[in-house]
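This briefing covers aromatic side chains and their contacts. Please keep the sequence and the model open while reading.

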Amino acid sequence: MSIDKTTEQIRNICLLGHSGSGKTSLTEAMLYFTKSIDRMGKPTDGNTVCDYDPEEIKRGFTIQAAVAPVIRGDIKINLIDTPGYLDFVGEVLQGVSVADSSVIMVDAKAGIEVGTELAWDYVGDASIPKSFFINKFDDPDADFNAIFESLREKFGTSVSPVLIPAAEGGTVKGFVNLITMKLYVYDKSGQHTEEEIPASFISAADDYRNMLLESIAETSEELMEKFFAEEDITEAEIKAAVRIGLETGSIAPVVCGSSLNLWGIETMLDLFADSYPAPAAVDGETGLFVFKTIADPFVGKMSFFRVMSGTLTNDQVLKNLRSGSSEKMAHIYTMRGKKQTE
């Protein structure tokens with residue numbers, strides 16, 4: 001994987017949520033969709049990229065935060081997969097501490113759970129943008145209307161729909177992209193074809209799009225005037241407004257799908273690339289923030305860090321501000337789960 005990216009081309013995104021909501025599965029789906037891996041693993045099978053620790057493989061769920069970068073177009077997206085069990089909250093906070101935005105996973109059948117509320121609080125305390133991915137819409141008991149209403153009731157009107165399911169008799173026919181107002185039908189590879197919205201769903205789609213446009217309108221006076229004048233707001237204007245809304249906290253986008261079936265994965269990745277904020281570029285003296293250190297049985301002690309300012313090379317000597325000692329860089333790797341690329 002090429003790591004030759006400018007700061008503007010990087011997205012650092014933390015995945016949070018209740019245990020079992022699908023954080024690791026979403027990461028796996030995005031890795032597979034972007035051809036970073038050849039086949040999708042499952043946490044319960046112990047064969048996913050991010051759950052590589054022997055204890056995670058044995059238990060079938062995430063214990064530690066792990067990083068998995070993917071490439072979408074010319075954007076590098078660093079996904080930070082975190083545990084859902086409260087016993088491992090320290091790992092969650094590690095991930096949040098180096099993220100520029102977040103995705104809170106919600107189970108389409110279970111709805112809001114304790115982990116959902118805690119995730120909202122964690123990213124709120126860190127003052128980073130929030131969004132939702134409502135997962136598992138392959139479940140016939142999934143109820144979007146009820147879950148979306150509960151999200152708005154709990155977290156406020158910043159919760160804004162972007163991709164919603166068009167279901168009939170418990171079967172999802174496709175997903176309505178409220179930015180393009182087209183029905184997206186996904187194939188087995190996760191690619192979509194565009195169709196017209198079914199007549200039976202147009203009224204509901206218009207209602208949800210209006211909620212999105214209300215949120216969009218609050219990002220600028222120009223868009224507010226367009227909204228009240230019922231003028232068309234372009235796709236480019238919506239994407240730009242979503243980015244502003246994410247950064248200011250006035251918009252928390254909601255995307256629906258199924259990690260298992262690759263539904264909504266393409267849309268989520270494009271939203272990351274088009275609208276999620278990049279890290280702030282800070283020139284000057286090199287500064288690192290080490291957020292995690294592990295002992296690898298083959299490599300030895302490894303520290304995970306984010307470059308906060310300046311530029312890092314593998315021959316630099318830096319001062320540890322906690323101990324006062326000098327630290328010489330040895331090998332610098334890009335990590336994808338346990339896989340190392342120098």
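Is F61 buried, partly exposed or exposed? F61 counts as partly exposed, with a relative accessibility of 21% (buried is under 20% relative accessible area, exposed over 50%, partly exposed in between, with a 1.4 Å probe and protein chains only). The model is predicted: local features need pLDDT of at least 70, side-chain atom pairs count only at pLDDT 80 or more, and totals for chains, interfaces and linings use all residues. Residues are numbered from 1 along each chain as its sequence is written, and side-chain values use heavy atoms, with hydrogens and water left out.

**Aromatic pairs**
- The structure holds 15 aromatic pairs (rings of Phe, Tyr and Trp, the latter by its six-membered ring, with centres within 6.5 Å; planes under 30 degrees apart are stacked, over 60 edge-to-face, the rest tilted).
- One of them is the tilted pair of F61 and Y85, with 4.5 Å centre to centre and 55° between the planes.
- F61 lies in the loop between helix 2 (54–59) and strand 2 (66–72), and Y85 in the loop between strand 3 (75–81) and helix 3 (89–97), so this pair ties together parts 24 residues apart in sequence (helices, H or I of at least four residues, and strands, E of at least two, are DSSP runs numbered from the N terminus).
- Y85 is partly exposed, at 38% relative accessibility.

**F137 and F175**
- F137 and F175 pair edge-to-face, at 6.4 Å centre to centre and 85° between the planes.
- Both residues, F137 and F175, are buried.
- Ring pairs join F137, F144, F148, F175, Y184, Y186, Y208 and W263 in a cluster.

**Charge over a ring**
- K130 has its charged end over the ring of W120, 4.7 Å from the ring centre (NZ of Lys or CZ of Arg within 6 Å of the ring centre and within 35 degrees of the ring normal).
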